[in-house]
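Okay everyone, thanks for coming. Have a look at the screen with me, and I'll walk you through what I found.

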Amino acid sequence: MQGAVDSPVETPRGVRIGPVRKLKAYVALTKPRVIELLLVTTAPVMILAARGIPDLWLVLATLVGGTFSAASANAFNCYIDRDIDKVMKRTSKRPLVTGELTPREALIFAFATGIASIAFLWAFTTWLAAVLSLVAILYYVFVYTLLLKRRTPQNIVWGGAAGCMPVLIGWAAVTGSLDWTPVILFAIVFLWTPPHYWPLSMRYQDDYAAASVPMLSVVRGRLAVGLQVVLYAWATVVCSLLLVPVAPMGVLYAAVAALSGAWFVVESHRLYAGAVRGEELKPMRVFHASITYLTLVFVAVGLDPLLHLPIPF
């Protein structure tokens, strides 16, 4: 029986794989590390929207629907970009490049998970959350992947809006509506995306150049990237502090946003200063710092309403 379950499958490209490896290939197609980061921003927003612990089944349904949504968008992205993924070392192990999945399999999976996301959110959360999921998928596929990515160095700026949608989906799942608080949370992630992704593009500059993808590091060079990272990092931190009077948030969030934001800005300035001095840069330091920063801010978003510690003005 074990041999029948794990019997190898011959793909059109001659790669023999079993069902377990096939499953792992489907998981890789979804870019699970990206999904993890998106879910980190969803659950805390739901706590803030409820001003307490929301119904746990609602949280689970929203996270499942959000996972399907991100999986669909990422699978479409891998399908469309499979030609440049072959060229870039960073993406050369993706399942459409290795032959572990065929383009047809990836496309069916992308449609299936997208439909599942919309249906799941509509059935178990709110219609608005389902519509926002559809918008996120369409925006990532048509605006970022097809329209912007291969045409402009501003691709990640405007294309990154798709990655902000889980914030709105989480809020809409709880309240069935949107207001200024989720808009500010959306803006935090929107402004954070360039200083998060551009250092990564510096690290893999040769990859993007070989694939003719006009990332800012390829078109303008590391000095321009360093300056833009600093400017967007400052904008992100300022925007995060706007949440204090608007939400309103308490002592915990204000302290975490200010302190972690200061660290993020310092790391961004270090990158720029190194570029100005012509030193060997370590852009991944800012990349990892950006992930830690966003995680801390959104954990504080979720914890702050549970503590009820208002700021004494």
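Let me start with a question: which helix gives the largest share of the nonpolar patch? It's helix α16, residues 283-307, with three residues. By the way, helices here are DSSP runs (H or I, at least four residues), numbered from the N terminus, and strands would be E runs of at least two.

Before I go on, a word on what we're looking at. This is a predicted model, so local features need pLDDT of at least 70 and side-chain atom pairs count only at pLDDT 80 or more, while totals for chains, interfaces and linings use all residues. Residues are numbered from 1 along each chain as its sequence is written, and side-chain values use heavy atoms, with hydrogens and water left out.

I53, L56, V299, L303 and L306 make it, and it covers about 460 Å². To be in a patch, a residue needs over 30% relative accessible area and no salt bridge; like charges are joined within 9 Å, and nonpolar side chains (Val, Leu, Ile, Met, Phe, Trp, Tyr) within 5 Å. The areas come from the Shrake-Rupley method with a 1.4 Å probe, and for residues only the protein chains shown count as cover. I53 sits in the loop between α3 (32-50) and α4 (56-80), and it counts as exposed because its relative accessibility is 55%. The cut-offs: buried is under 20% relative accessible area, exposed is over 50%, and partly exposed is in between (1.4 Å probe, protein chains only).

Now let's go inside. The largest nonpolar core has 58 residues, and L185, I188, W198, L243, Y253 and F298 touch the most other members. Helix α11 (180-203) is among those that each supply at least two residues, and α11 gives the most, with 11. A core, here, is a set of buried Ala, Val, Leu, Ile, Met, Phe, Trp, Tyr and Cys residues joined through side-chain atoms within 4.5 Å. Take I188: skipping neighbours within four places in sequence, I188 is in contact (heavy atoms within 4.5 Å) with T236, C239, S240, Y253, L294 and F298.

Next, charges. Side chains of opposite charge can pair when their charged atoms come close. A salt bridge means a side-chain nitrogen of Lys or Arg within 4 Å of a carboxyl oxygen of Asp or Glu, and by this rule there are nine. In one of them, E100 pairs with R21, with the closest N and O atoms 2.8 Å apart. E100 is in the loop between α6 (95-98) and α7 (103-124) and R21 is in helix α2, so this pair ties together parts 79 residues apart in sequence. Are they buried or exposed? E100 counts as buried, because its relative accessibility is 13%, while R21 is partly exposed at 38%.

D81 and K149 form another salt bridge, at 2.7 Å from N to O. That pair links distant parts too: D81 is in the loop between α4 and α5 (82-87), K149 in the loop between α8 and α9, 68 residues apart. Both are buried, and together with D83 and R150 they are linked in a network of salt bridges.

One last stop: N155, in helix α9 (residues 155-159). N155 is buried, with a relative accessible area of 0%, and K149 is among its contacts beyond four places in sequence. That's me done, so over to you!
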